[in-house]
Amino acid sequence: WVVLPPTVFSKGFTITATNSNGDLFIKKFSSEITIERNKYLSAKVEVLYKQAPSYTWYTSATDDVYTIKTAEDLYALSKLTNGDTDALAAVGETEAPTFEGKTINLSSDINLAAYCSEGVESWRPIGEFMGTFEGNGYSIYNLYGDDEELKDTYISGGWKMALFNSLSSATIRNLCLDGKINCRYHKSSIGGIAASASNSTIKNCKVNMGINIAYGGVGHSAGGICASANYTAFIANQAIVSISTYQSEYYLTSFYGGIVGHCQYGKLVACKTQGNIKERNTQAFSYIGGIVGFLLQGDSTTIDACFSSCDVQSRQPGLILGSYGTEKGTPKISSCYYSGEGSGMSSSSLGIGTKYYSGSERPYDYGTQRLSDISSAIESMNNTIIEWNTNNPDYSCNYRYFVSESDTIELISVK
């Protein structure tokens, strides 16, 4: 029994308890609950077992192909790649493996609630990863991150939280992810799939992420798929995001995007977002976009056939791209559409919030337009994808847009 005073929980609540065997019991009431005097609620609880990390998937693998199917397997992957002493000893390794040239296959859905949930503990991101993670369409859900619970991982360069800490020459594909992350520290990089990515490809991943940054600061980056990336391709990814931040010192810059927060030399095609991204202090210089927050080295970056219905609130909101900068010119943007609303100090609600270069700022809308005719928008985006495949054979996109039964734009594989 759990005894509570008479009250109203407007957003529901979660009860967690552990028995003498170490089994974790969790019950979540997600909707409004009223506790009345001399009344009781009867509810089944979900029994979750936080078991010791399992390394059999690692030690029994052949041909450099590994299969992960349980939460304890994924927990073990985190420990191994972060160089945990006991984990390395268990598999006979002396250094944290990066899985370079190797493949990890996900073979079932994984619920992380027993390993990382509010009131339990924070997820520790998988360390540097240089291989291929094949999700096979399965889901990892109940990812929970909280920087207060991972103070030991904060370094001068900031705090990172996502499923993966960093990707280097890696490929992540066909993975679904659901999670929530809370952040309070400066210079944090917060993403769904990855906190940072370099020379990597993230393809056909779907995320549903809630990110709350209680106190903004210089250098924050956050994105539904990835926080900060360079030389990385994002292909046919979809994100449902709720990103909220408060930048108390208005002159500091941070970057937030539905797909990626801060991007340099990137390629994005056929990515789709929905939800909301809000800077609560609209005087702050936070660059926020429905797809990308901020682009560096613009002329080497492409954003093609992307669609966002995200609502964006910032100083000068960009419903596709927040801003871009440096002397390297204008990013190549084509056939991108938006249907969300922008709000903030600027009255404009355009595809691109600002160009920031040599102190000049003004709104732009080239390569983007507000959705008006769904059929013509889909035709334009699909033709652009076909052209993309001709120009980018190493990053081919086998996805096309279509109109769903509810008259909304969806992505579907054409395999």
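This is a predicted model: local features need pLDDT of at least 70, side-chain atom pairs count only at pLDDT 80 or more; totals for chains, interfaces and linings use all residues.
Contact here means heavy atoms within 4.5 Å.

Residues are numbered from 1 along each chain as its sequence is written, and side-chain values use heavy atoms, with hydrogens and water left out.

First, the overall picture. The protein has four helices and 39 strands; these are DSSP runs numbered from the N terminus, helices being H or I of at least four residues and strands E of at least two. Of its 415 residues, 51% count as buried. Buried means under 20% relative accessible area, exposed means over 50%, and partly exposed is in between, with a 1.4 Å probe and protein chains only. The accessible surface is about 18000 Å², and 46% of that belongs to carbon and sulfur atoms; the areas come from the Shrake-Rupley method with a 1.4 Å probe, and for residues only the protein chains shown count as cover. Taking contacts between residues at least 6 apart in sequence, 75% join residues at least 24 apart.

Now the core. A nonpolar core is a set of buried Ala, Val, Leu, Ile, Met, Phe, Trp, Tyr and Cys residues joined through side-chain atoms within 4.5 Å. The largest one holds 81 residues, and the members that touch the most others are Leu-74, Phe-164, Ile-193, Phe-234 and Leu-268. Helix α2 gives the most to this core, with six residues. Another core, of 18 residues, lies apart from it and includes Ala-236, Ala-305, Tyr-401 and Leu-411. As a general remark, nonpolar side chains in soluble globular proteins tend to be buried together.

Which residues does Ile-193 contact, leaving aside neighbours within four places in sequence? They are Ala-162, Leu-163, Phe-164, Ile-172, Leu-175, Leu-177, Ile-202, Cys-205, Val-207, Gly-224 and Ile-225.

Strand β16 covers residues 194–198, and five of its five residues are buried, so the strand is largely enclosed by the rest of the structure. Strands are said to pair if DSSP finds at least two bridges between them. β16 runs parallel to β12, residues 164–168, with four bridges joining the two; Leu-167 has Ala-197 as its bridge partner. β16 also pairs in the parallel sense with β20, residues 226–230, over four bridges, and here Ser-196 stands opposite Ser-228.

Back to α2, residues 71–81. Of its 11 residues, 10 are buried, among them Glu-72, Asp-73, Leu-74 and Tyr-75. Just after the helix, Gly-83 takes a positive phi of about 75 degrees.

Tyr-55 sits in the loop between β5 (46–48) and α1 (56–59). Tyr-55 counts as buried because its relative accessibility is 14%. Not counting residues up to four places away in sequence, Tyr-55 touches Ala-76, Lys-79, Leu-80, Ala-87, Ala-90 and Val-91.

Next, the aromatics. Rings of Phe, Tyr and Trp (its six-membered ring) pair if their centres lie within 6.5 Å; planes under 30 degrees apart count as stacked, over 60 as edge-to-face and the rest as tilted. By this rule there are 14 aromatic pairs. Tyr-66 and Phe-99 have ring centres 5.3 Å apart and planes at 85 degrees, so they are edge-to-face. Tyr-66 is in strand β6 (residues 65–68) and Phe-99 in the loop between α3 (85–91) and β7 (103–106), 33 residues apart. Both are buried. Tyr-75 and Tyr-115 form a tilted pair, 4.9 Å centre to centre with 50 degrees between the planes. That pair joins α2 to the loop between β8 (110–111) and β9 (132–134), 40 residues apart. Tyr-75 is buried at 16% relative accessibility, and Tyr-115 is buried at 3%. Ring pairs also link Trp-57, Tyr-58, Tyr-66, Phe-99, Phe-129, Phe-133 and Phe-164 into a cluster.

Last, β7. Ile-104 and Leu-106 make up its covered face, Thr-103 and Asn-105 the uncovered one. Thr-67 stands opposite Asn-105, and Thr-103 opposite Thr-132 in β9.
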